[in-house]
Amino acid sequence: MLGEISIVNSGKDYKQLNKGNIPVYGTGGYMLSVDQYLSKNDAVGIGRKGTIDHPQYLKAPFWTVDTLFFMTVRENNNLHYLYSLFQKINWKKYDESTGLPSLSKKTINNISVKVPEYIEQKRIGNFISQVDSLLSLQQRKLQQLKLLKKAMLQDLFADKAVPKLRFRGFKDYWVPKKLGDIANFINGRAYKQNELLDKGKYKVLRVGNFYTNDSWYFSNLELKPQYYINKGDLVYTWSATFGPHIWRGEKVIYHYHIWKINLSKSLNKKFVFYLLKADKAKLLSNTNGSTMIHITKRNMESKTVLIPNTIEQSQIRNSLDNVSNLITFQQEKIAEVKQIKQFLLQNMFI
């Protein structure tokens, strides 16, 4: 039983405490810092209410709120092993509530587990801990790359005739253009319910398919060329979650809340994609980070943007592509480490 190898301790309210350098943790992780600690020993946090399936390794000293239990180990047991074991347990199976997920001390103590002797616990715990350290390192690298890309988007695109950040050898002023004069924003169709099928010749691309929705409608309609999106086309979702995309899939019909963007020949498509990404970041910075912004075609076409010559467009595009590729590579490395960790959790615990 878990109660034979660990002790369940309760969190407490922190609101009476002063600001300090002791971290306070809730079920979602770090919250703020105070001037007192609840534990001077490392522990494993597990949710009492709310998020009950996200164990946390808590480095002492720390404080936890009353919705987060913290678990310490009994004598001759290893905390890193306990943390790894907690990641193996299906905590939702022990949910005691029909509403907000919850756990009790009694339930946790009565969970049946099989554990090895202390020396083997320590070796397993240390090994999984090394994998966790590698994963944390890779995640920090990913965050740094994302911050680099964000800074480049801010500084490579001009608000004035000369951008803040510029590559060597370029001196010409950027030229102001109305976006509507250099780009044609083409609306998709608004489909009737009887035009949408469970199976058909063409997928119907909707806004959600760019983000979280993996389900598709289909259509057998044969339409004018402007109502199809092909691989490599530049498109823009303009309602709900908004922003530019380069379509990577097969030929599709697209929905009303998406624009296909046709560009003049003097423009590099990926340069305009990044320009629109920078524009999106600027819009978000002025709206407290909300992604629910309604963008109108008239507003987009009336925007004044600054455009460099084609050679500088290519240079900017290549540099941002390189960083984007590094981000993708880093995400793949993180996925591989997570797979390795999952394999170890599945095969090193009974």
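## Helix H2

A residue counts as buried when its relative accessible area is under 20%. By that cut-off, 7 of the 10 residues in helix H2 (residues 79–88) are buried in this predicted model, and the helix is mostly covered. The buried residues are Leu79, Tyr81, Leu82, Tyr83, Ser84, Leu85 and Phe86. Where H2 starts, the backbone nitrogen of His80 has a side-chain oxygen of Asn78 within 3.0 Å.

## Aromatic pairs

The structure contains 15 aromatic pairs. One of them joins Tyr81 and Phe349, with 5.2 Å from centre to centre and 35° between the planes, a tilted arrangement. Tyr81 belongs to helix H2 and Phe349 to the segment after H8, so this pair links distant parts of the chain, 268 residues apart. Tyr81 is buried at 3% relative accessible area, and Phe349 is buried at 6%.

Phe157 and Phe271 also pair: their ring centres are 5.4 Å apart and their planes are at 40°, so the pair is tilted. Because Phe157 lies in the loop between H4 and S8 and Phe271 in helix H6, the pair ties together parts 114 residues apart in sequence. Both Phe157 and Phe271 are buried. Elsewhere, Phe185, Tyr236, Trp238, Tyr256 and Trp259 make up one aromatic cluster.

## Charges over rings

Two lysines are placed over aromatic rings. The charged end of Lys251 sits over the ring of Tyr228, 4.4 Å from the ring centre. Lys280 lies over the face of Phe242, with 5.4 Å to the ring centre.

## Salt bridges

Side chains of opposite charge can pair when their charged atoms come close. The model has 12 salt bridges. One of them is between Lys282 and Asp159, whose closest N and O atoms are 2.7 Å apart. Lys282 is in helix H6, while Asp159 is in the loop between helix H4 (118–156) and strand S8 (175–178), so the bridge ties together parts that are 123 residues apart in sequence. Lys282 is partly exposed, at 42% relative accessibility, whereas Asp159 is exposed, at 63%.

A salt bridge also connects Glu312 with Arg166, at 2.9 Å from N to O. Glu312 lies in helix H8 (residues 310–347) and Arg166 in the loop between H4 and S8, so the two parts tied together are 146 residues apart in sequence. Glu312 is buried, at 2% relative accessible area. Glu222 and Lys201 meet in another bridge, at 3.0 Å from N to O. This pair ties together the loop between strand S11 (217–219) and strand S12 (228–229), which holds Glu222, and the loop between strand S9 (183–187) and strand S10 (202–205), which holds Lys201. Glu222 is exposed at 52% relative accessibility, and Lys201 is exposed at 54%.

## The network at Lys270

Salt bridges that share partners join Lys270, Arg317 and Asp321 into one network. Lys270 is part of helix H6 (residues 269–285) and is buried, with a relative accessible area of 14%. Leaving aside residues up to four places away in sequence, Lys270 touches Ile246, Arg248, Arg317 and Asp321.

Strands of a sheet pair through backbone hydrogen bonds, either parallel or antiparallel. Here 3 strands form an open sheet with mixed pairing, in the order S3-S2-S6. Strand S3 (29–34) and strand S6 (63–64) are the edge strands, each pairing on one side only. Strand S2 (residues 19–26) runs parallel to S6, and the two pair over 2 bridges. Tyr25 has Thr64 as its bridge partner in S6.

Definitions and conventions: Residues are numbered from 1 along each chain as its sequence is written. This is a predicted model: local features need pLDDT of at least 70, side-chain atom pairs count only at pLDDT 80 or more; totals for chains, interfaces and linings use all residues. Side-chain values use heavy atoms; hydrogens and water are left out. Buried means under 20% relative accessible area, exposed over 50%, partly exposed in between (1.4 Å probe, protein chains only). Helices (H or I, at least four residues) and strands (E, at least two) are DSSP runs, numbered from the N terminus. A polar contact is a pair of N or O atoms within 3.5 Å; within protein, one must be able to donate a hydrogen and the other to accept it, and residues adjacent in sequence count only if both atoms are side-chain atoms. Contact means heavy atoms within 4.5 Å. A salt bridge is a side-chain nitrogen of Lys or Arg within 4 Å of a carboxyl oxygen of Asp or Glu. Two strands pair if DSSP finds at least two bridges between them. Rings of Phe, Tyr and Trp (its six-membered ring) pair if their centres lie within 6.5 Å; planes under 30 degrees apart count as stacked, over 60 as edge-to-face and the rest as tilted. A charge sits over a ring if NZ of Lys or CZ of Arg is within 6 Å of the ring centre and within 35 degrees of the ring normal.
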